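Work through the exercises below with the sequence and the coordinates open. Each task is followed by a stepwise solution.

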Amino acid sequence: MAKTAPYVNPSIEGKPSIPAWDAPSPTKTEQDWAQLHTIELSLLDSDDPKVVQDLVALAKVAIKEDGFLILKDYGVAFEDLMRQFAIAQYLHRNISEEDKERLLWDPEGGLFEGYKAPYGWKRARGEEDGITQFNFYSPEYEDIKKVPTCVHPFMDEITAFCTYLTQSVNRRLLRLLSVVLELPPDYLWENVQSRGGPVAEGYFRHALFQPIKKDFKEKSGGLRMNGDYGTTTMLFSVPISSLQIWGVDGKWRYVKYEPGALIINLGDTLEILSGGHFKATRHRVFQPPDDQLHEERLSLVLFNASEGSLRMTPCMDSPVLQREGCVEYQGVYKEFKAVMNAGIPIPTNKQWREAQVASIRDVTKPQKEVMIDGKSHSYREFFGVKVLLPV
């Protein structure tokens with residue numbers, strides 16, 4: 001089997017000099033860390049069938065038990081990753097007030113495209129949450145006027161990086177997931193994943209979390225933002241511990257910093273497509289441990305999306321689903337199945353994700369809640385489907 005080529009960053013010769021990422025120190029506090037499985041993606045290229053077989057078996061356990069996994073040895077050198085963090089840091093420190101206004105997002109249209117100001121999740125000013133973002137959708141790669149002026153010299157690097165993540169890393173990851181479902185290796189890539197351009201129908205995010213303020217903390221309980229949807233989300237591990245996942249024992253746990261690693265979570269789309277065999281674990285961004293409360297958290301995330309025209313239905317081509325049927329996790333698939341059984345029209349993937357973006361709510365506002373197995377869950381409802389998150 002041909003070995004996967006590593007990522008090669010475009011030349012930085014002749015570009016403005018930018019500071020290296022001023023990375024904070026990891027927490028020194030003792031934590032009951034989430035125990036996630038680690039996948040060395042390069043092993044998928046092995047000529048030894050036993051190595052590949054063992055990798056598939058490990059992936060099967062990880063996505064059924066956790067819905068999260070740690071991805072290492074995926075083809076991007078640590079110094080190239082640090083260059084991307086330096087560019088993101090430069091964007092947040094140098095974006096002009098004019099560009100903030102010109103590129104201000106409007107999520108009510110169903111996209112997080114553009115600049116998020118630090119005052120809530122709508123275009124209009126809301127509660128100050130200390131979270132700024134710039135989100136790169138396909139138009140940002142095609143029109144230099146749609147990105148902040150300060151990063152114009154670095155767009156070739158951002159584009160090359162995202163292209164490698166989608167065309168190489170995500171494609172190999174989906175190959176692994178296809179084999180878990182006993183489908184042809186490129187099944188999910190060719191039939192489910194949106195593939196056009198650097199991010200297709202997904203997007204790339206540069207996010208900066210300022211230290212949480214006392215009044216916001218009191219209103220939100222320490223919650224910064226809730227989890228996401230889609231096929232796979234690629235979150236680069238950072239020293240500030242804020243990502244938490246919900247365990248089967250009913251506890252939130254931080255994910256430990258792993259230098260250079262990708263934290264992968266599976267979205268609602270893959271849980272539904274797999275008939276519940278894949279688990280879209282509930283997760284959130286929460287305030288960090290006490291020794292990191294004063295630090296900024298810089299974050300790079302790639303959100304991969306499925307083809308928007310596809311309907312949110314289980315993939316009955318899978319021999320696993322044909323043999324074992326569907327699995328009703330306490331998750332979105334269980335809720336989705338009830339809607340299917342009731343004959344309610346099934347949304348397309350585009351409708352599903354745009355409805356969630358358009359209705360995203362400020363975490364300081366009261367949420368609808370329901371009790372499940374003695375645990376309180378907040379929920380939002382889309383097309384008759386309740387999307388639940390443990391409180």
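**Exercise 1.** Determine whether S237 is buried or exposed.

*Solution.* S237 has a relative accessible area of 9%. Buried means under 20% relative accessible area, exposed over 50%, and partly exposed in between, with a 1.4 Å probe and protein chains only. S237 is therefore buried. Helices (H or I, at least four residues) and strands (E, at least two) are DSSP runs, numbered from the N terminus. Finally, list the contacts, meaning heavy atoms within 4.5 Å. Not counting residues up to four places away in sequence, S237 touches K256, Y257, E258, A261 and I263.

The model is predicted: local features need pLDDT of at least 70, side-chain atom pairs count only at pLDDT 80 or more, and totals for chains, interfaces and linings use all residues. Residues are numbered from 1 along each chain as its sequence is written, and side-chain values use heavy atoms, with hydrogens and water left out.

**Exercise 2.** Classify G374 as buried or exposed.

*Solution.* The loop between β13 (369-372) and β14 (375-382) contains G374. Its relative accessible area is 61%, so G374 is exposed.

**Exercise 3.** Find the strand order of the open sheet formed by 8 strands.

*Solution.* Two strands pair if DSSP finds at least two bridges between them. The order is β1-β2-β10-β7-β12-β5-β4-β3, with mixed pairing. β1 (38-40) and β3 (114-116) are the edge strands, each pairing on one side only. From one strand to the next, the twist averages 25 degrees. Y115 stands opposite F134 in β4.

**Exercise 4.** Which strands does helix α2 touch, and at what angle to β12 does it run?

*Solution.* Axes are lines fitted to C-alpha atoms, for helices over the stretch in contact, and angles run from 0 to 180 degrees between N-to-C directions. Helix α2 (residues 78-94) packs on the sheet and touches β4, β5 (203-209), β7 and β12 (297-303). Its direction makes about 110 degrees with that of β12.

**Exercise 5.** Which residues of the largest nonpolar core touch the most other members?

*Solution.* A nonpolar core is a set of buried Ala, Val, Leu, Ile, Met, Phe, Trp, Tyr and Cys residues joined through side-chain atoms within 4.5 Å. The largest core has 94 residues, and L71, Y74, F136, V169, F204 and F236 touch the most other members. Its largest share, 12 residues, comes from α5.
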